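Colleague: Hi! Could you put the model up on the screen and walk me through it?

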Amino acid sequence: MANLERLNIAIDAFGGDPSRWPDGEREALKAIVKHHPELKARLREERALDRVLAQAPAVPAEQLDRLRERIMGAIAAEARAYDDRAGATVVPLPMRARSPRPILRQSWPAAAALAASLLIGVWLGSSEFSQPAVESLVASAGLDVAATGDADVFDVMDEELL
């Protein structure tokens, strides 16, 4: 659903030209602009910025690579200078591309194991299998469950014991 916040996000991300807005939301976002005259001024400003940016010369990839190497070299030099002062060692790690989203195929076994342990814990806690263990814990705490005849420990507890 399109709203003013989503329109502002689209303008910030894609600019003032509605043809660059996401296809599924474009018409709804245009309708919002029609109902809010103050947004028309913002769109004019964004279109002017788009025109200025369109006139900027394209930077060749080689030039970007050289800039990246200069920046990384400056960072490495600063790290070496810091290491010399602090006596620490920096281990250079190879750069790798970040994946665009988390890989769910690797994390589902851990999530399944956590869910299974939760279900087993709830089942054990609610079954009579764990009652002797609970009774021994209650007895070690100094409470007398047999005197009340009730296994509900919370009814027997005294504020002094807490």
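Modeller: Buried residues make up 14% of the 162 residues in the protein chain. Do keep in mind that this is a predicted model.

Colleague: Noted. How many helices and strands are there in the protein chain?

Modeller: The protein chain has 8 helices and 0 strands. Read from the N terminus, its elements run α-α-α-α-α-α-α-α.

Colleague: And what share of the contacts with a separation of 6 or more comes from residues 24 or more positions apart?

Modeller: Those account for 40% of such contacts in the protein chain.

Colleague: Thanks. Let's go to H1. Which residues are buried there?

Modeller: Leu-7, Ala-10 and Ile-11 are the buried ones in H1. They span an arc of only 100° around the axis, which puts them on the same side of H1.

Colleague: Why would residues with that spacing point the same way?

Modeller: An α-helix has 3.6 residues a turn, so residues three or four places apart point the same way.

Colleague: Nice. What is exposed on the other side of H1?

Modeller: Glu-5, Asp-12 and Ala-13 are exposed there.

Colleague: And what do the buried residues of H1 pack against?

Modeller: They pack against H2 and H3.

Colleague: Take H3, then. At what angle do the axes of H1 and H3 cross?

Modeller: H1 covers residues 4–14 and H3 covers residues 37–55; their axes come within 11 Å and cross at roughly 15°. With that angle under the 35 degrees cut-off, H1 counts as roughly parallel to H3. The crossing of H1 past H3 is left-handed.

Colleague: Which residues make the contact?

Modeller: From H1 you have Leu-4, Leu-7, Asn-8, Ile-11 and Asp-12, and from H3 there are Leu-39, Arg-42, Leu-43 and Glu-46. Sorted by class, the contact of H1 with H3 has 5 nonpolar, 1 polar and 3 charged residues.

Colleague: How about H1 and H2: how do their axes cross?

Modeller: The axes of H1 and H2 come within 10 Å and cross at roughly 105°. That makes H1 roughly perpendicular to H2. On the H1 side, Leu-4, Arg-6, Leu-7 and Ala-10 meet Leu-29, Ile-32 and Val-33 in H2. The residues of this contact divide into 6 nonpolar, no polar and 1 charged.

Colleague: Staying with H2, which of its residues are buried?

Modeller: H2 takes in residues 26–35, and Arg-26, Leu-29, Ile-32 and Val-33 are buried in it. Looking down the axis of H2, those buried residues fall within an arc of 120°, so they line one face of the helix. The face turned away from the buried side carries Glu-27, Lys-34 and His-35, which are exposed.

Colleague: What covers that buried face of H2?

Modeller: The cover over the buried residues of H2 includes H1 and H3.

Colleague: Changing topic: where is Gly-15 found?

Modeller: Gly-15 sits in the loop between H1 and H2.

Colleague: Is Gly-15 buried or exposed?

Modeller: Gly-15 has 7% relative accessibility, so it counts as buried, with the cut-off for buried being under 20%.

Colleague: What does Gly-15 touch?

Modeller: Not counting residues up to four places away in sequence, Gly-15 touches Ala-10, Arg-20, Trp-21, Glu-46 and Asp-50. Taking Glu-46 from that list, Gly-15 and Glu-46 are 31 residues apart in sequence and 5.9 Å apart in space, C-alpha to C-alpha.

Colleague: Last one from me, Pro-22. Where is it, and what is its relative accessible area?

Modeller: Pro-22 is also in the loop between H1 and H2. Its relative accessible area is 22%, so Pro-22 is partly exposed.

Colleague: And which residues is Pro-22 in contact with?

Modeller: Leaving aside neighbours within four places in sequence, Pro-22 is in contact with Arg-6 and Phe-14. The C-alpha atoms of Pro-22 and Ala-10 are separated by 7.9 Å, and the two residues are 12 residues apart along the chain.

Notes. Residues numbered from 1 in each chain as written. Predicted model: local features only at pLDDT ≥ 70, side-chain atom pairs only at ≥ 80, totals over all residues. Heavy atoms only, no water. Axes fitted to C-alpha atoms, helices over the stretch in contact; angles between N-to-C directions. Helix = DSSP H or I, 4+ residues; strand = E, 2+ residues; numbered from the N terminus. Parallel < 35°, antiparallel > 145°, perpendicular 65-115°, else oblique. Left-handed = near helix turned anticlockwise from the far one by under 90°. Contact = heavy atoms within 4.5 Å. Nonpolar A, V, L, I, M, F, W, Y, C, P; charged D, E, K, R; others polar. Buried < 20%, exposed > 50% of the residue type's maximum accessible area, 1.4 Å probe, protein only. Arc of directions from axis to C-beta.
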